[in-house]
Amino acid sequence: MTNTKKETRTVNIDIRKDLFGANENAAALNAETFKKHGIVAIDIMGSVGTGKTQLIETLCDHLRDKYRILMLAGDLATTIDADRVASHGVDTVQINTGTACHLDARMVRVALQNVNLADYQVIFIENVGNLICPAGYSLGVDRKLVVVSITEGPYMIRKHPLTIKHADMVIINKIDLVEALEFDIDALEADIREVDAAIPVLRVSSKTGEGIDQLIKVLNL
Ligand code: MG
Ligand code: ZN
């Protein structure tokens, strides 16, 4: 009996590609849904503690008489951020991701199935606090904002250039603290310009409201 040596076959599965492919499909469906209902959807990304929630609270205070607003909050656990925004008279849905460190398009899709979309004109989506992977997952939104703040130290941009590349706009938040922290805000903006020379960069304080009117203008709201 001959003993023919056999070759092992290898199937390479690109999990990253498959995962991202499925996400892109769901993002396209979300985009279609937003368009159908005439909704402007905005994804707000940024690390923990950059003031994403406070920025949304301030935007809601400025815009809630003009638009019917929904806020989706992404967090591993708790409803803290959604509750804060809800206290401003805005409808909210909390998405608890469990172990996931970012929102993906399917999570947003499930959240959207729990509301009557005809009721809303603007949706703010606060992504999970993390400057790394949220940028890689499209949600199907019209605009992606990155919030950085001067309390994170001077190297946030240099360490996370990819997030800036995926964003449409960068918000430098907490400018009310510039003097107290002796922070070189021009150097931070130069780091952003290094990654993307054309991206709009706005300096705001969601606490004092400085720069919010300009942000609303740039957002076309
Ligand atoms: Mg928050
Ligand atoms: Zn993640």
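Predicted model: local features only at pLDDT ≥ 70, side-chain atom pairs only at ≥ 80, totals over all residues.

Begin by selecting the magnesium ion (ligand 1), and then show T53, D81 and E126, which coordinate the magnesium ion through OG1, OD and OE respectively, at 2.0 to 2.2 Å. If you follow these donor residues along the sequence, their spacing reads T-x27-D-x44-E. Now colour the helices: T53 lies in helix α2 (residues 52-63) and D81 in helix α3 (residues 80-86), so that this pair, 28 residues apart, links distant parts of the chain. Are T53 and D81 buried or exposed? T53 has a relative accessible area of 6% and is therefore buried, and D81, at 12% relative accessibility, counts as buried because the cut-off is under 20%.

Next, select the zinc ion (ligand 2) and display C101, H102 and C133, whose atoms SG, ND1 and SG coordinate the zinc ion at 1.9 to 2.2 Å. In sequence, the donor residues of this ion follow the spacing C-H-x30-C. To place the two cysteines, select the loop between β3 (91-96) and α4 (105-112), where C101 is found, and then the loop between β4 (122-126) and β5 (143-149), which holds C133; the pair is 32 residues apart and links distant parts of the chain.

Finally, colour the cysteines by accessibility: C101, with a relative accessibility of 35%, counts as partly exposed, and C133, with a relative accessible area of 21%, is partly exposed as well.

Key: Residues numbered from 1 in each chain as written. Chains lettered and ligands numbered in written order. Heavy atoms only, no water. Donors = N, O, S within 2.8 Å, 3.2 Å for Na, K, Ca; no water. Helix = DSSP H or I, 4+ residues; strand = E, 2+ residues; numbered from the N terminus. Buried < 20%, exposed > 50% of the residue type's maximum accessible area, 1.4 Å probe, protein only.
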